[in-house]
Amino acid sequence: MTAAPTPGIPLGAWLSDLDDEGLIRLLELRPDLAQPPPGTIAALAARAISRQSVKAATDALDFLRLAVLDALLVLHADTHAVPVTELAELLGQRVGADDLTAALGDLRARALVWGEAAVQVAPEVASGLPWFAGQAVMEVSERSADEIADLLERLDDAQNDLLARLLEGSPVGRTRDAAPDTPSDRPVQRLLEAGLLRRIDAETVILPRLVGQALRGETPGPAELAAPTLETTATTMADVDAVAAGAAIDLLREIDLVIETLGAAPVPELRSGGLGVRDVKRLAKTTGIDEPRLGLLLELAAGAGLIAAGMPEPDPGDGIGPYWAPTVAADRFIEAPTAMRWQLLASTWLGLPARPALIGSRGPDNKPFAALSDSLYSTAAPLDRRLLLTVLADLPPGTGVDAGAASQAMIWRRPRWAVRLQPATVGGLLAEAHALGMVGRGAISTPGRGLLAGAADEDVLAAMAKALPKPLDHFLLQADLTVIVPGPLERELAEHLAEVATVESAGAAMVYRISEGSIRRALDAGRTASELHNLFEKHSKTPVPQGLTYLIDDVARRHGQLRVGIAASFIRCEDPALLTQAVAAPGADRLELRLLAPTVAVSQAPIADVLAALREAGFAPAAEDSTGTVVDIRARGARVAAPTRRRVYRPPTPPTAQTLGAIVAVLRKVAAGPFANVRLDPAMAITQLQDAAINQTSVVIGYVDPAGVATQRVVSPINVRGGQLTAFDPAAGRVREFAIHRVTSVVSADD
């Protein structure tokens, strides 16, 4: 004779027996239970077993813990207490005793499981599983993902149609063909034989979990209750940090380029928000940055408040607006130390509520995802990034993984997120992490580890400063007038070199090109020929080519003979013949030049227009101020005032330990009130009231009204629906409704 199931104890009673530390730990693990604070332990228990809260709690569980819940549902622990020994017997050798004990302890701490020698689970736990109850425990497939895919490719139309119906709806199907004596040529029998269906009974089949994943195009798994053993690579942390630092330098250089480009030519915002596909292509061509990487840079810059949509100053004047342009914060960013600039971008990426990898791809509506648009918004993206880095941080230092291995580990840790943690998506996250310098050679970097762990800012900055190569005070001049820079230059030297040379090839070792135009640009900025000679002689580790010396002297000799000032503007020249030639040059007529003296001419055009027209005509004019000093009048770039209306993800702030302690203190105080000795699980109350309604018997309920007054009354339940008890109240002589969560006790009136 089979022993009767153990009824167990209600969750409310079990929670009442927990010490304060246990209740506080529960509220820490499930913060939704404390917001708003529950009024009683009964209310806390009711909230803890509600579907929404259970789903939130199971979201943070790994495959082992979800499989334990799955096994308990198979053993019907949602209706009665199940001995832990039965659970261990069902799971068998798939999990060690210590691991099972640890998993149960964690589930108890979350109040998803309660009891000691015999345990129970809430009925709503089934809704928190990312599969049909029993699929993780009852299905142990010996076939690999490739074998399953091969079997699916061989199916005929009838079999494919049958699997498609189960995939679209419930994985459980009813059919007479499931009986063992059904002819073997029927589609159901052939699928059962191939292991692509599982028989539950003679009239019921179920689509196996791994087969369903394969049909959806997902990587099947996980299947083992132990964490997967990953294929890894190993290198030294010095190498990891060096690679990460190099990536950070490239990132910052490209961010500066994006800021400079948008400052010179702000890009109109689409009506729907973001940047148009053509605008992104033009930016990619102008900057030389490929489109996928440019999309990441734009999202980072916007997230960090370095660019924003608004009306820039100066106003482009075409009335289109708003425009995407740098903000005033971009100037402070450019001047900040390298490690501090990296920290801003890396921390921005960690919390960035967007998926830059989607830019350019098409969504369900077949429209492309636009850069900087709200269509990229995702509150799950920061969670996925932190999960990836956590997987890497848990490996030995210097140990790296590829996207496939990282995806496997991430899905095991968060099975409910499996759809968005497939290898292709994780590959995009890993590429972003490499680009940010958070990861190098597949392993988390030292600065990245500190940032993930929430280390102090000064510690993170020190780690990145240590990883960065020491700034160089030299470069290598070549005979072909190129400059090779084997590493990052000191800031002042880099600025001076950028004035006189143009970047030809970017990377760990940058290559600059010196030309007549670049030398003229430096002279326009106020540099003199002697300053340029001194720059190259002082900082070049190779001899200065004679051709460069001649080129600087030649450009300088012709530069500045024509001087343009403000009248509206004027032209001054010591050579009357050259000035006469300039006034008569093609295109100069639009400047309305007029000679005032053999060496002076004036114009009604702005000084910038005069300089541009003379340069187009082949001259090398220089701008001067009222003292005759050469000045740089190049535009500094457009700026918008401040970041704008983009949606920002702010994760909910968990209650403090002090707040949780106060909540628990209130629960204890309430428990010492009129119903201190009455412990009622709301689920049990609903069951008792439903039984009374069915049997048409009367009960005595304890009830706390909205004013907080506790009473007891005899009622005859009619029905329980939508959290309300409808019952006849003899004392009032009418039918009344009572809120279930205010019912504190239910006792038969016949007792």
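Is Ala 111 buried or exposed? At 2% relative accessibility Ala 111 counts as buried, and the numbered points below begin with this residue before turning to other parts of what is a predicted model.

1. Ala 111 sits in the loop between helix H7 (97–109) and strand E2 (113–114). Its phi is near 60°, a positive value in a residue other than glycine. Because Ala 111 has a relative accessibility of 2%, which falls under the 20% limit, the residue is classed as buried.

2. A positive phi, about 65°, is also found at His 76, which is not a glycine. His 76 belongs to the loop that lies between helix H5 (63–74) and strand E1 (82–83). With a relative accessibility of 48%, His 76 counts as partly exposed.

3. Pro 222 is placed in the loop between helix H12 (209–215) and strand E7 (233–234).

4. Helix H13 (residues 237–264) and helix H14 (residues 277–287) have axes that come within 11 Å and cross at roughly 115°, and the crossing is right-handed. On the H13 side the contact is made by Leu 257, Thr 261 and Leu 262, while H14 contributes Leu 283, Thr 286 and Thr 287.

5. An open sheet is formed by 3 strands in the order E8-E10-E9, with antiparallel pairing. Strand E8 (267–268) and strand E9 (307–310) are the edge strands, each of them pairing on one side only. Between E8 and strand E10 (residues 323–326) the antiparallel pairing runs over 2 bridges, and here Val 267 stands opposite Trp 324 in E10.

6. Ala 462 is a residue of helix H22 (residues 457–467), and with a relative accessible area of 44% it is partly exposed. Although Ala 462 and Ala 339 are 123 residues apart in sequence, their C-alpha atoms are 7.9 Å apart in space.

7. Strand E14 (residues 476–477) and strand E15 (residues 482–485) pair in the antiparallel sense over 2 bridges, and the two strands form a hairpin with 4 residues between them. In the turn of this hairpin, Leu 481 has a positive phi of about 65°. Leu 476 has Ile 484 in E15 as its bridge partner. E15 is also joined to strand E17 (residues 510–513), to which it runs antiparallel, by 4 bridges, and in that pairing Ile 484 stands opposite Val 511 in E17. Ile 484 can therefore be followed from E15 to a partner in each of two strands, since Leu 476 is its bridge partner on one hand and Val 511 stands opposite it on the other, given that strands of a sheet pair through backbone hydrogen bonds.

8. In helix H27 (residues 576–583), the residues Leu 578, Leu 579 and Ala 582 are buried. They cover an arc of only 100° around the axis, which puts them on the same side of H27. At the start of H27, the backbone nitrogen of Ala 577 has a side-chain oxygen of Asp 575 within 3.1 Å.

9. A further hairpin is formed by E25 and E26, again with 4 residues between the strands, and Gly 733 in its turn has a positive phi of about 70°. Strand E26 (residues 734–739) is joined to E25 by 6 bridges, and the two run antiparallel. Within this pairing, Ala 727 stands opposite Arg 736 in E26.

10. Asp 729 is located in strand E25 (residues 724–729). What is the relative accessible area of Asp 729? The value is 3%, and Asp 729 is therefore buried, being under the 20% cut-off. The side chain of Asp 729 is joined to that of Arg 736 by a polar contact of 3.2 Å. When neighbours within four places in sequence are left aside, the residues in contact with Asp 729 are Arg 713, Val 714, Val 715, Arg 734, Arg 736 and Phe 738.

Terms used: Residues numbered from 1 in each chain as written. Predicted model: local features only at pLDDT ≥ 70, side-chain atom pairs only at ≥ 80, totals over all residues. Heavy atoms only, no water. Buried < 20%, exposed > 50% of the residue type's maximum accessible area, 1.4 Å probe, protein only. Polar contact = N/O pair within 3.5 Å; in protein donor to acceptor, adjacent residues only side chain to side chain. Contact = heavy atoms within 4.5 Å. Arc of directions from axis to C-beta. Pairing = 2+ DSSP bridges. Axes fitted to C-alpha atoms, helices over the stretch in contact; angles between N-to-C directions. Left-handed = near helix turned anticlockwise from the far one by under 90°.
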